[in-house]
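Work through the exercises below with the sequence and the 3D structure open. Each task is followed by a solution in steps.

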Amino acid sequence: MLKMLKNNFSVLVRARFLLCSLILLAGFVIYETAVLYGKKWSAVQPLENVMTLGIYLFVTMMFISYEYLRKFYNNGVSEVLQTLDTKNKNTVAAFLVLVLYSFILCVILALIVIAEFLFFKISDPNHEYIRHIIICIFLNIYLVMQLAIMIGGSLATLKNRIVIYSIMTMMTLLSSPFAESMAYSIDMSDLTNHGSAGEMAFKF
C-alpha cells in the first residue's frame, strides 16, 4: 500500500497544475487562519474565521479531486500502474492521497487556532474550548473536504466533461452565499407582493 501511495503521489507531482492548486489552497487557508495571531480581537474570532473557509475548501477540493482522479479512470494512468496491483486498489490509494492531504491541513489549522486561543490566556481548565475547536474543524472543515473528494471522485467516473463541469458549477453556486442571498431576495419579494396584495384587499 505504501508503494501504491508513493506512485499515486508521483502522479500528483507530475500534474503540476493540480500540485500548485493544492499548495496554493493550503497557503491561502493557513494564511487566513494565522493572520489574526497576536491581534487584539476576541478569543473566538480565529475559529469563526476558519469556519468561513469551508466553502472555498469544498469547491476547490471538488474540482481538484475530479481532475486528479479522472487521470486514473480516463487517461490510462490506471493501466500504467496496473503492474503494481488492481485498478481498484490504485484508485483507493489515489483517494487516500487526497484524504491524507486534507487531514494534515486540518491538523495545521487546528494547531493555529488553538495557539491563537492560548494567546489570550483565557482560563480553560478542562480544555473544553480546545475540544470545541477540534470538533468544529473536524465537522465543518475535514468532513466538508471529504464530501468534496467523494463528489469529485464520483464525477471522475463519467466521461462528458461539459456535463461534469456544469454539475460542479451548479453545486458551487448552490453552496455559495450567492444562493442564500438569492433565496433571501425571493423571500423578500414574496413578502412585498403579499403585503401589497393585502393592502389592496383591505382598501377594497
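Glu-67 is buried at 13% relative accessibility, where buried means under 20% relative accessible area, exposed over 50% and partly exposed in between (1.4 Å probe, protein chains only). The model is predicted: local features need pLDDT of at least 70, side-chain atom pairs count only at pLDDT 80 or more, and totals for chains, interfaces and linings use all residues. Residues are numbered from 1 along each chain as its sequence is written, and side-chain values use heavy atoms, with hydrogens and water left out.

**Exercise 1. Salt bridges**

Solution. 
1. Apply the criterion: a side-chain nitrogen of Lys or Arg within 4 Å of a carboxyl oxygen of Asp or Glu. Side chains of opposite charge can pair when their charged atoms come close.
2. The structure holds two such bridges.
3. One joins Arg-70 to Glu-67, with N to O at 3.3 Å. Arg-70 is buried too, with a relative accessible area of 13%.
4. Arg-161 is partly exposed, at 35% relative accessible area.

**Exercise 2. Overall make-up**

Solution. 
1. Of the 204 residues, 36% are buried.
2. Count contacts as heavy atoms within 4.5 Å. Among contacts with a separation of 6 or more, 80% are between residues 24 or more positions apart.

**Exercise 3. Thr-33**

Task: Decide whether Thr-33 is buried or exposed, and list what Thr-33 touches.

Solution. 
1. Locate Thr-33 in helix α2 (residues 16-34).
2. Its relative accessibility is 0%, so Thr-33 counts as buried.
3. The side chain of Thr-33 reaches the backbone oxygen of Val-29 at 2.6 Å.
4. Leaving out residues up to four places away in sequence, Thr-33 touches Asn-49, Val-50, Leu-53, Leu-109, Ile-112, Val-113 and Glu-116.

**Exercise 4. The second largest pocket**

Task: Describe the lining of the second largest pocket by element and by class.

Solution. 
1. A pocket is an open set of points on a 1 Å grid over the protein atoms alone, where a 1.4 Å probe fits, with protein on both sides within 12 Å along at least five of seven lines; lining residues have an atom within 4 Å of a point.
2. The lining residues are Phe-103, Cys-106, Val-107, Ala-110, Leu-111, Ile-114, Ile-134, Ile-137, Phe-138 and Tyr-142.
3. Helices α6 (87-119) and α7 (128-155) each give two or more residues to this lining. The largest share, six residues, comes from α6.
4. By class the lining has 10 nonpolar, no polar and no charged residues, with Ala, Val, Leu, Ile, Met, Phe, Trp, Tyr, Cys and Pro counted as nonpolar, Asp, Glu, Lys and Arg as charged, and the others, Gly among them, as polar.

Conventions
Helices (H or I, at least four residues) and strands (E, at least two) are DSSP runs, numbered from the N terminus. A polar contact is a pair of N or O atoms within 3.5 Å; within protein, one must be able to donate a hydrogen and the other to accept it, and residues adjacent in sequence count only if both atoms are side-chain atoms.
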